[in-house]
Amino acid sequence: MSKIVVENVKIIKKKSLGRGNFIFEMAPFSKTKSIKPGQFVHIRQPRTNLLFRRAFSVYDFDAANRTLSIIFKVFGRGTSLMAKLERGAALDVMGPLGNGFKYPSKRKTVILAAGGIGMPPLYLLAKTLLSRGYDPDRILYFYGGSSKADLVDISRIKKLGIRVYPSTDDGSYGFKGFVTDAITDNVDLTNGKHHLYGCGPEGMLKALDELALSKNLPGQLSLEAPMPCGIGICLGCIKPLRAGGYTRICREGPVYDVGEVLL
Amino acid sequence: MRPDLSIEIAGVKFSNPILTASGTCGYGEELAEVFNLSRLGGIVTKSITVLPREGHPPPRTAETEAGMLNAIGLANVGVDRFIEDKLTFLEKYNTVVVVNVAGAKLSEYVEISKRLADCPRADMVELNFSCPNVEAGMEIARDPELAEKAVGEVKKVFPRPVIAKLSPNVSDIALIARACESGGADALAVINTLVGMAVNIETFRPRLTNNTGGLSGPAIKPVALAKVNQVYNAVKIPIIGIGGIMNWVDVVEFFLCGACAVQVGTGLFVEPDAPIKIIEGLRKYLSSNKFSSVRELTGKLRKY
């Protein structure tokens, strides 16, 4: 039984990535031993009138230095308040939570499909796969956004030495079109040698899900939903399963096999 | 001297007066990963119905000012699986297990309570007469005669103490409280959530698919304190206070208003280990104020 821990940490680095996107590097995570790509942390908001914690996928975790990074985009009241926090501010962080990604067979070529703020968990997945000996030439990172400014921190992904395929809806950078189009344009999915991972807006996940199902492509998608509790006790962050019934994104997820959740 | 946190309700002994509220801790499995459930005074399970329920479609929770709205719709595994899987899980913990029971009609409350009568781990039942998201419960919650009858019928089939959980969404909560007392209730849980609505101004839709939901969290604490005090002045049976408890100060307030125990609900979503912090804080408060027992606080409000 894994113990759920709360860490009292400080922001040791804050960086604006433009368009309301920020990186927080936080430390010290003294109780957290390891984190699986796809897991998330649940951060208490700096005002008590905002009751719910906010969930963020882990962008990076440095076990030696006990630091953990997230990327977030200002979206509502909680993230607006978080964006105002400066270096040195204290945060109450619960986690790591959720199941995380399963690793593919080393014989597979890995397709990582990220849309906008869905980038962080797939970056950590790519980094982890490399450390586990996967071939960088067979890790393909498709990173899409509405325009160039949405492809935040892309230089960090490129530094991994994997193959990066940017795409934008307006054509301002890389392939012009959706991530799914960029994938089918660049990869022959018919040979059964690929494994797909996706994280991004729901519309994109739905398109990835349909693509994977139609091409018989195995893979996993990381889902998002507002999570009041993050540990499976409030039953708020549910989505319908294709097989019937609901699943708790925070507890059984946030990562699901393609086709598992009704998107 | 270490202050005594233990309490007793209708012969059931609690190591401390902090319980987790129904619908905010599932059947205990998840919270058991946060702390040892034996440290709780008691755990009140998710509402159990005769048949399993999936609940309402999402979105069924929404954040509101210092509170939350929920319309989960009594999602639960049903009484059979509850007894088989969930109640057995709780066997290993040394805490009072209160099984919350909900029904679409009176006969269902009786049917479930009858099943639980044969399960010694179900130390008590709590009758959810007050779920604002399910109409049947509300009828009993609003009608004193029906409430009295419902408690009486359950008492006939369940040999251990019965708690009635009251709704604040009634014109006179004291009337319902007295009716439950006459029906034989051993204790009252005060209060359930208040009916509320949150609206999305872009879609013009309510933020819950159920349109309305139950409001909980710190936003409702003043209402809960007033209702606990009103009920305290109306009945003789013990009162378990609920409504927006986040810390030990809140607990002391509920005790002063007349509660002899409390339930922490929405607070668990913010801080899942809140009960543990509350127990420690409460002990320190009692100790520094020279109280030998938490029981001394109940009803000590000095009204103007």
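Author: Just after α9(B), the residue B:K290 takes a positive phi of about 60°, where helices (H or I, at least four residues) and strands (E, at least two) are DSSP runs, numbered from the N terminus. This is a predicted model, in which local features need pLDDT of at least 70 and side-chain atom pairs count only at pLDDT 80 or more, whereas totals for chains, interfaces and linings use all residues. Residues are numbered from 1 along each chain as its sequence is written, while chains are lettered from A and ligands numbered from 1 in the order in which they are written.

The helix itself, α9 of chain B, has 15 residues, 274-288, and from its first C-alpha to its last it reaches 21 Å, close to the 21 Å expected at 1.5 Å a residue, the expected span being 1.5 Å times one less than the number of residues. Its buried residues are B:A274, B:P275, B:I278, B:I279, B:L282 and B:L286. They lie on the same side of α9(B), because they cover an arc of only 135° around the axis, an arc taken from the directions from the helix axis to the C-beta atoms. On the other side of α9(B), B:E280, B:K284 and B:S288 are exposed. A residue counts as buried if 20 or more other C-beta atoms lie within 10 Å of its own, exposed if 12 or fewer, and partly exposed in between, with C-beta atoms placed from the backbone.

As for partners, the buried residues of α9(B) pack against β3 (18-20), α7 (248-257), β16 (261-264) and α8 (267-270) of chain B, contact requiring that the C-beta atoms of two residues, placed from the backbone, lie within 7 Å.
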